[in-house]
Amino acid sequence: MSFLSPKSLASFVEAAVSAQSPRHGSAAHAQVIKTLGLSLNAFLSNHLINMYSKLDRPEPARILLSLTPPHFRSVVTWTSLISGNVQNGHFSSALYYFATMRRECIQPNDFTFPCLFKASASLRSPVLGRQFHGLATKLLLIDDVFVACSAFDMYSKTGFLNDADKLFDEMPYRNVATWNACISNAVLNGKPHEGVRKFVQLLRYEEATPNSISFCAFLNACSDGNFLTQGQQLHGYLIKQGHESEVSILNGLIDFYGKCHKIQFSKKVFNDMDERNSVSWCSMLAVYEQNDMGEMACGLFFKARRAGVEPTDFMVSSVLSACAGLAALESGRVVHGLAVKACIEENIFVGSALVDMYGKCGSIEDCERAFFMLPNRNLICWNALIGGYAHQGRADVALELFREMTYPPNYVTFVCVLTACSRGGLVNEGLDIFDSMKSKYGVNPGAEHYACVVDMLGRAGQVERAHSFIQQMRIRPTISIWGALLGACKMHGKSELGKIAAENLFELDPQDSGNHVLLSNMFAASGQWEEANLVRKEMKEVGIKKGAGCSWISVKNSVHVFQAKDVLHSRNVEIQAMLVKLRKDMKAAGYIADTKLALYDIEDEEKENEVWAHSEKIALAFGLIALPRGVPIRITKNLRMCVDCHSAIKFISGIVGREIIVRDNNRFHRFVDNKCSCGDYW
């Protein structure tokens, strides 16, 4: 094939770059050598160096450069090397090649500078960026629209916003890419108002015609600032201008409405789309997940699979988050299997979502396995595993992992660690970690951390100390902080302090029935029936309704929900028979019901019947008749499990020889052989 011209050979090399195929690139290089020998002209040498750089093969690119005679090396040669390294994230190497180019007295051009500014921004080095800006000004290239736009983007991403604004105002010409960069960076820098203002200027000045990127950037600004009206105005403008069928814009609208909590609008945009891409499905799935509609998210994911949509890392990580919120372990395992089939289970986003899902579903062994199988782990993975141990009450393991972390801890890390200390009763260790947050790690304590400390002290019986801690806090106490104190007062029978906590909660959130019920239950548990009835009477007078407590269990892909004294299930006769049998076996084993949690002033026998009819016991009885032996029974409850149910399920786990896992609104309880993972401390 000696008749092939250099131009034809160069097209082979370019085709390998377009296909992103190193194998095709090597074959093209071999054909070049076979046709022309080892002595290459500058034209083909530049093409080959560009190919290896773009395909992230830095070593062959370096060798080719060294074999290229100095008089053949031009700005095109060096810019190919620099742009390829920047494109593949080798920013330091790109700057090294630029320095070498300058030593050979070759001047950069308008293609070189955008790469240099991007490298500076990625390395968070505004000092280098300023030097490149000065050189571009000296070479009279800063007025080039692409060079100026890249410099503006660099200043915005490195936090030099005044320099970015000054450069933007001095530009003689601004194309749509410049305006898009301006709007997008305003959003990224936490200034959605500025992003909206710049978009309005773009329309008003008519310097450039906005494109789909401009519209999506504006929608991002509206969603970040919760500017629903402005976003809806843009929606109307898009319909008027004939853009309502562009998929990327419709995807942006789905995301915008979802972040503004207008799920029905997101759903309408999605359903009315003539064609959808994977981003469309991902966007709608994320809307459901971010708005706590986990069941809808899971349903949409499986609908996408039936429609032939291949699972992406973003889609899988979103649906795994939905499974975590629902504690839907079996669904999570199905998604895990699909991730393995799609070869994305080692992706850092999917991997961290798997660790989080298994931890929140109470399967700590699977959580550990998912963590240790990841080839690379980020801080989110570490936080998820520590959080998983915290949910299980394994404070010692959580603290050991905290000390072994290879990343500096962040805000979330300390929430997980302090939660573990609270649930494990490690008061001194928890207080030491809280005190070290600012001094040692530079993390300012927030409301969640203060709530953890109050909860930790309260659980340990140091309720007065917890109240004193609240009075000395540097921030205003939040609902979660007063709620932790009220829960501790109920646990330890501190009625007077409980009233103080409840009064503050009523002031902060007067419509929350849970706080009223907790106060009433606290009075009932201590025998103060008049006060308990008074609280319930006040609830009725102001129209506050108590949310029903319920427990649910998943059997053969169906969720079975039970309330206290529930007799409506289709297998109720079997359930009641199992409850009678369990009660008989438990009494024979020495079980005595804890009737302090019967919330009405009735006879002891009636109190015993009252606590025996709690929803988690009914769900457990159903699990025992519906699930085969050897399969763990997993129950979820929307309220905190009471002391009697906790004691009863401990007894039952030993009597029936089954592993029983209960997730209440606070943590996981894993019952095996008459023992609970919480160590009776929760």
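This is a predicted model: local features need pLDDT of at least 70, side-chain atom pairs count only at pLDDT 80 or more; totals for chains, interfaces and linings use all residues.
Trainee: How many helices and strands does the chain have?

Mentor: The chain has 36 helices and 6 strands. Its C-alpha atoms fill a box of roughly 100 × 55 × 55 Å along the principal axes.

Trainee: Now to helix packing. How are two packed helices described?

Mentor: Two packed helices are described by the angle between their axes and the distance between the axes. Take helix 19 (residues 313-326) and helix 21 (residues 348-360): they pack at an angle of about 10 degrees, and their axes are 9 Å apart. Angles under 35 degrees count as roughly parallel, so helix 19 is roughly parallel to helix 21.

Trainee: Which residues make that contact?

Mentor: From helix 19 come Asp313, Val316, Ser317, Leu320, Cys323 and Ala324. Helix 21 brings Phe349, Val350, Ala353, Leu354, Asp356, Met357 and Lys360. Sorted by kind, the residues of this contact are 9 nonpolar, 1 polar and 3 charged.

Trainee: And helix 22 with helix 23: are they roughly parallel or antiparallel?

Mentor: Helix 22 (residues 364-373) packs on helix 23 (residues 379-392) at about 165 degrees, with the axes 10 Å apart. Angles over 145 degrees count as roughly antiparallel, and therefore these two helices are roughly antiparallel to each other. The crossing of helix 22 and helix 23 is left-handed.

Trainee: What should I know about buried residues?

Mentor: In soluble globular proteins, nonpolar side chains tend to be buried together. Here, 50% of the 682 residues of the chain count as buried. The largest nonpolar core has 170 residues, and Met357 and Leu485 have the most contacts inside it. Helix 23 gives the most to this core, with 8 residues.

Trainee: Met357 was in the helix 21 contact too. What is Met357 in contact with, leaving aside its neighbours within four places in sequence?

Mentor: Met357 is then in contact with Leu320, Cys323, Ala324, Leu329, Gly332 and Arg333. Leu320, Cys323 and Ala324 belong to the helix 19 side of the contact with helix 21.

How values were computed
Residues are numbered from 1 along each chain as its sequence is written. Side-chain values use heavy atoms; hydrogens and water are left out. Axes are lines fitted to C-alpha atoms, for helices over the stretch in contact, and angles run from 0 to 180 degrees between N-to-C directions. Helices (H or I, at least four residues) and strands (E, at least two) are DSSP runs, numbered from the N terminus. Angles under 35 degrees count as roughly parallel, over 145 as roughly antiparallel, 65 to 115 as roughly perpendicular and the rest as oblique. Contact means heavy atoms within 4.5 Å. Ala, Val, Leu, Ile, Met, Phe, Trp, Tyr, Cys and Pro count as nonpolar, Asp, Glu, Lys and Arg as charged, and the others, Gly among them, as polar. A crossing is left-handed if the near helix is turned anticlockwise from the far one by less than a right angle, and right-handed if clockwise. A nonpolar core is a set of buried Ala, Val, Leu, Ile, Met, Phe, Trp, Tyr and Cys residues joined through side-chain atoms within 4.5 Å. Buried means under 20% relative accessible area, exposed over 50%, partly exposed in between (1.4 Å probe, protein chains only).
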